[in-house]
Amino acid sequence: MKSLLFVFCLLPVGCLLAQEATAPDHLLRYNAPARYFEESLVLGNGRMGASVFGGTGTDTLYLNELTLWSGEPVDRHANPDAHTYLPAVRAALAREDYRAADSLNRKLQGDYSQSYAPLGTLLLTFGDGADAVTDYRRTLDLDGAAAAVTYSSGGAALSRDYFVSYPDSVLVVRLRSDRPGGVTATVGFTSLLRHTVTTAGNRLSAHGYAPYNAEPNYRGERDDAIQYAADRGTRFTGLIDVRQRGGEVSRTDSTLTISGADEAILLVALATSFNGFDRDPATDGRDDRAAAAAILRAAGERSYGELYARHVADYRSFYDRLELDLGPSTAPDLTTDERLQRYATGAADPALEELYFNFGRYLLISSSRTPGVPANLQGLWNHLMRPPWSSNYTLNINAEENYWLAGPGNLSDLHQPLLEYIGNVAETGRVTARDYYGTRGWVAAHNSDIWAMSNPVGAYGEGDPNWANWNFGGVWLATHLWEHYLFTQDTAYLRQYAYPLLRGAVEFGVDWVVRDTAGHWITSPSTSPEAKYVTPDGYEGSTLYGATADLAMLRELFGDFLAASATLGVRDTFTDRVATVNGDLHPYRVGAAGNLQEWYYDWEDQDPQHRHQTHLFGLHPGHHITPGGTPALAAAARQSLEIKGDETTGWSKGWRINLWARLRDGDRAYRMYRTLLRYVPPVGAGHGGTYPNLLDAHPPFQIDGNFGGAAAVLELLVQSTPDTITLLPALPAAWRSGSVSGLGARGGFEVALEWQDGRAVRATLTARRGGETTVVYDGAAQVVRLGPGERQTLEF
């Protein structure tokens with residue numbers, strides 16, 4: 001829905017009409033400035049980000065640049081003898097000495113990842129703020145990827161407009177007043193990083209550099225938490241040009257002041273010296289000063305109207321690909337934070353559910369357009385020197401969840417930064433595989449960063465093995481290579497880029513497994529991400545052999561590799577070996593409680609409601625557990641979810657909604673979708689949900705829940721495999737009538753679907769490259785064959 005009914009409140013009856021106006025599904029709206037980041041409006045062009053507070057006395061804009069991280073290229077051989085401890089770990093496991101295995105496993109640890117850094121803060125100061133402010137309105141328009149602030153003060157109507165352009169690589173801020181000469185503001189800049197600020201003419205210039213090391217926030221306060229050196233670390237430049245109509249611009253050594261202008265436009269360019277994951281940013285870096293100056297020189301030749309038109313045309317080439325309508329809404333015309341609070345009481349608001357979905361698409365477009373640098377734990381937006389979990393790439397769910405929306409959301413081209421990053425981490429991961437595990441291929445562990453760090457973390461024994469030692473990040477990442485092909489059907493990409501990387505991940509997998517006493521292949525040592533077991537004698541441990549999560553990922557990866565091999569016509573001794581190992585992996589087991597076992601044995605969980613559910617990987621994001629194909633395993637997965645319950649963190653809610661969708665339980669998935677949108681205040685959060693600005697609350701903020709939740713909406717409406725497209729597999733009763741168009745499906749199709757009274761009415765399939773698929777709906781199947789660009793409509 002893109003229509004919005006405007007009603008003026010002139011009489012009591014008019015007020016009632018205004019309250020009943022249809023709530024917009026492409027607009028975030030507030031009646032006060034932000035006080036906290038969790039209330040700010042986030043903008044981005046996939047590289048450069050801004051968080052807009054919209055203050056009236058002082059407006060604060062946090063600035064980010066996706067390539068500005070602490071650190072420098074990794075030492076790939078930091079723990080070259082780690083693999084020599086493997087026999088002792090395996091021996092301890094063989095004799096069931098799990099305490100010793102946990103202790104010995106710490107020998108297989110390395111350095112922590114580096115941290116995504118905040119570039120700085122743009123400050124706009126407007127006088128002393130003595131005049132009263134009325135009619136305040138702050139908005140983020142998802143249709144145009146632009147924020148705006150309007151209000152009245154001192155008898156004048158004032159406005160500010162903000163957008164970050166991808167075509168012109170600038171943040172644009174426009175200040176206006178309806179009173180001639182009514183624009184007066186001081187422009188300043190500050191940063192938590194080491195920096196200097198100078199001014200010349202109408203330009204403010206900021207130059208600085210990031211630390212060469214930033215310790216994760218969870219290591220606590222320490223003297224070496226942030227380490228700088230003048231000749232180390234990534235450099236940054238921020239340039240702010242002011243051009244005004246009327247009035248004048250004066251300056252101090254660190255600020256610019258606009259006085260008496262009719263209108264003023266700020267152009268902000270950011271650049272860093274990051275020049276690749278394997279090149280020193282201080283000695284072999286990009287010239288950030290020259291890059292930022294060139295950006296402003298080019299942008300300065302365009303009018304505001306040209307800049308905005310180019311920005312919108314570029315952005316909407318992504319955003320307009322898909323449209324969702326979940327039916328009419330009679331919700332009151334409230335601000336976004338008020339809508340969230342009303343929704344938390346159980347009130348209906350399908351437009352808010354659409355808005356959250358559209359916001360997820362907006363976030364992916366805004367944070368994932370930098371080659372080789374994917375959206376991180378906070379996407380693009382971070383204002384802290386030591387952000388939660390370093391705002392890094394957490395590979396045991398979070399980095400991957402960020403991209404679940406790409407294929408179904410018809411945004412496969414935005415998957416590219418992650419796919420290119422996989423190539424980077426595979427390069428460092430080849431060394432990690434040899435040094436830590438004595439295997440071929442490549443590997444990645446729990447955490448990574450812009451430098452493509454692949455080793456297990458933990459500071460050489462400090463970390464708990466239940467999170468530090470997990471080494472299947474590369475296996476999980478590699479499944480994205482095949483997923484991208486399934487949506488795009490790009491055989492050249494598969495042959496030239498994805499297949500060699502898939503093979504490398506599989507080489508690690510087949511080398512890593514060992515035989516158990518029953519003759520099945522298992523992993524040893526093994527962990528299940530961040531979870532702990534309780535042995536019959538009461539030991540709470542992490543290290544074991546044959547964790548279900550490992551084996552689920554291997555099943556999926558091996559299956560992907562064999563399918564890719566068949567697609568490319570490859571069969572050799574290695575593919576035969578993979579098929580043999582895949583067919584003889586330790587089988588899934590169902591526990592006494594009817595659950596899918598997370599551990600090799602039917603042990604108790606230390607925390608039965610733990611946020612991670614990685615042993616259910618085969619159900620989602622994997623595809624080898626299904627209600628139709630493996631009903632007993634699907635039932636066991638369902639029981640595991642029942643035991644875990646619905647209360648969990650933001651990203652975990654996003655995952656569980658997808659899991660319930662795969663189980664074809666739309667109403668249970670919808671119930672959790674509602675809890676994902678549960679209002680969370682900007683401070684004092686006690687549960688997961690959604691902050692006032694619609695960002696996901698773990699808490700604290702992590703962007704993965706936004707992406708996982710948005711992807712789940714599409715999973716409820718359409719599910720696909722390489723050769724089938726299932727319509728309305730898990731439609732919630734609450735979405736009785738609606739439509740979706742532009743949805744991506746595996747096999748290289750786009751789907752438009754309409755339903756009424758809970759039943760499909762028609763579906764239109766469009767083939768990107770041509771092919772065949774079977775459309776499944778309500779127990780019936782129909783084969784569809786289409787040439788490139790052809791479409792077919794099915795009536796039901």
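Which side chains meet in a salt bridge with an N to O distance of 3.1 Å?

Tutor: The model is a predicted one. The pair in question is Arg668 and Asp646, whose side chains meet in a salt bridge at 3.1 Å, N to O. In general, side chains of opposite charge can pair when their charged atoms come close.

Asp646 has another partner, Arg671, with the closest N and O atoms 2.9 Å apart. Arg671 is also in helix H17, and Asp646 is in the loop between H15 and H16, so this pair ties together parts that are 25 residues apart in sequence. Arg671 is partly exposed, at 44% relative accessibility. Taken together with Glu642, the residues Asp646, Arg668 and Arg671 are linked in a network of salt bridges. The count of salt bridges in the model comes to 45.

Arg759 is partly exposed, with a relative accessible area of 43%. Asp778 is exposed, with a value of 55%.

For a contact between helices, take H5 (residues 304–319) and H7 (residues 350–367): their axes come within 10 Å and cross at roughly 125 degrees. That angle makes H5 oblique to H7. The crossing of H5 past H7 is right-handed. On the H5 side the contact involves Tyr315, Phe318 and Tyr319, and on the H7 side Asn358, Arg361, Tyr362 and Ile365. By class, the residues of this contact divide into five nonpolar, one polar and one charged.

Some backbone details remain. Most residues other than glycine have a negative phi, and most peptide bonds are trans. Leu728 is not a glycine, yet has a positive phi of about 50 degrees. Leu728 is found in the loop between strand E30 (724–727) and strand E31 (738–745), and at 12% relative accessibility Leu728 counts as buried. Ser169, also not a glycine, has a positive phi of about 55 degrees; Ser169 is placed in the loop between strand E8 (156–165) and strand E9 (170–177).

As for cis peptide bonds, one runs from Ser524 to Pro525, with omega near 0 degrees. Pro525 is in the loop between strand E23 (521–523) and strand E24 (533–534). Another joins His698 and Pro699, with omega about -15 degrees, and Pro699 falls in the loop between strand E28 (696–697) and helix H18 (704–717).

How values were computed:
Residues numbered from 1 in each chain as written. Predicted model: local features only at pLDDT ≥ 70, side-chain atom pairs only at ≥ 80, totals over all residues. Heavy atoms only, no water. Helix = DSSP H or I, 4+ residues; strand = E, 2+ residues; numbered from the N terminus. Buried < 20%, exposed > 50% of the residue type's maximum accessible area, 1.4 Å probe, protein only. Salt bridge = Lys/Arg side-chain N within 4 Å of Asp/Glu carboxyl O. Axes fitted to C-alpha atoms, helices over the stretch in contact; angles between N-to-C directions. Parallel < 35°, antiparallel > 145°, perpendicular 65-115°, else oblique. Left-handed = near helix turned anticlockwise from the far one by under 90°. Contact = heavy atoms within 4.5 Å. Nonpolar A, V, L, I, M, F, W, Y, C, P; charged D, E, K, R; others polar.
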